[in-house]
Amino acid sequence: MADSKRQNAGGKAVATPNMASSNLLSLESALVGVIGARIRLQTTHPSLANIEGTLFTACPLTNLVAVAVLTSPTTPPVHHILPISSIQNFTLISTPPASNSFASPPSTTPAIASVQTAALRARADAAVARLKEAASRKNKAVGKEAQDLFDGLSRTLPTRWDGNNIVVMDSVVVPAPYRGEDCRAGNGVPPQALSRVRKVVDNERKRVADRERKVVVPAVPAVPAIPAVHTGPRKGG
């Protein structure tokens with residue numbers, strides 16, 4: 001029966017390989033399975049015949065292992081890198097700890113920190129309020145001169161729009177055409193406040209007018225006239 005499992009190749013008998021060895025665990029697989037454990041190695045390396053430490057990593061692709069050897073509690077470990085082929089024997093001294101950093105990452109989703117929605121809502125409300133205030137200071141129903149006057153007054157005095165009227169300090173109304181003499185004070189407003197607003201309005205109108213005069217409009221060069229060309233009477237006409 002054994003002879004029937006042999007093949008005759010050139011008159012020489014070739015035995016069929018024994019497949020029972022395929023059930024043995026390879027050294028590379030064994031080392032990968034105990035990463036982070038404390039082991040003792042016997043190697044053919046001339047300077048590291050015996051080494052004991054923590055298996056830092058084992059790479060089947062490069063056929064290398066790294067062993068971290070702690071020489072002193074106060075100094076960091078020394079890592080020795082060896083080829084797997086140089087290992088003759090290894091002994092498992094202790095299994096990897098439960099908090100092994102070399103183990104596979106947990107499958108659970110990490111906790112997400114809570115978002116401070118109240119602070120975000122407060123920032124959003126403040127931003128919206130600033131935008132509304134900026135929009136309320138622009139009156140699309142008046143001309144550029146009136147808006148420039150409003151912007152100038154608001155830089156020195158509390159100013160707001162009431163329709164097309166400018167209200168200063170909530171006590172003096174400046175209607176169109178927005179001159180100092182047009183200012184009207186409410187009941188109980190001191191004459192000094194009305195006089196101050198009138199003076200500020202007249203001064204700001206002068207500033208607006210000065211800025212308008214300083215705006216130089218480039219002159220468009222005149223196109224020279226094309227002289228007429230007299231060709232004389234047409235022949236045959």
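I began at serine 86, which touches Gln42, Thr43 and Thr44, leaving aside residues up to four places away in sequence. Contact here means heavy atoms within 4.5 Å.

The model is predicted: local features need pLDDT of at least 70, side-chain atom pairs count only at pLDDT 80 or more, and totals for chains, interfaces and linings use all residues. Numbering runs from 1 along each chain as its sequence is written, and side-chain values use heavy atoms, without hydrogens or water.

Where does serine 86 lie? I found serine 86 in the loop between β6 (78-83) and β7 (87-94). Helices (H or I, at least four residues) and strands (E, at least two) are DSSP runs, numbered from the N terminus.

Is serine 86 buried or exposed? Serine 86 counts as buried, because its relative accessibility is 7%. The cut-offs are under 20% relative accessible area for buried and over 50% for exposed, with partly exposed in between (1.4 Å probe, protein chains only).

I then checked the serine 86 side chain. It reaches the backbone oxygen of proline 83 at 2.7 Å.

Next I looked up methionine 169. It sits in the loop between β9 (165-168) and β10 (172-174). Its relative accessible area is 27%, so methionine 169 is partly exposed.

Which residues does methionine 169 touch? I noted Leu157, Pro158, Arg196 and Val197, again not counting residues up to four places away in sequence. Leucine 157 is twelve residues from methionine 169 along the chain, and their C-alpha atoms are 6.6 Å apart.

Last, the whole chain. I recorded four helices and eleven strands. Of its 237 residues, 22% count as buried.

Technical notes:
A polar contact is a pair of N or O atoms within 3.5 Å; within protein, one must be able to donate a hydrogen and the other to accept it, and residues adjacent in sequence count only if both atoms are side-chain atoms.
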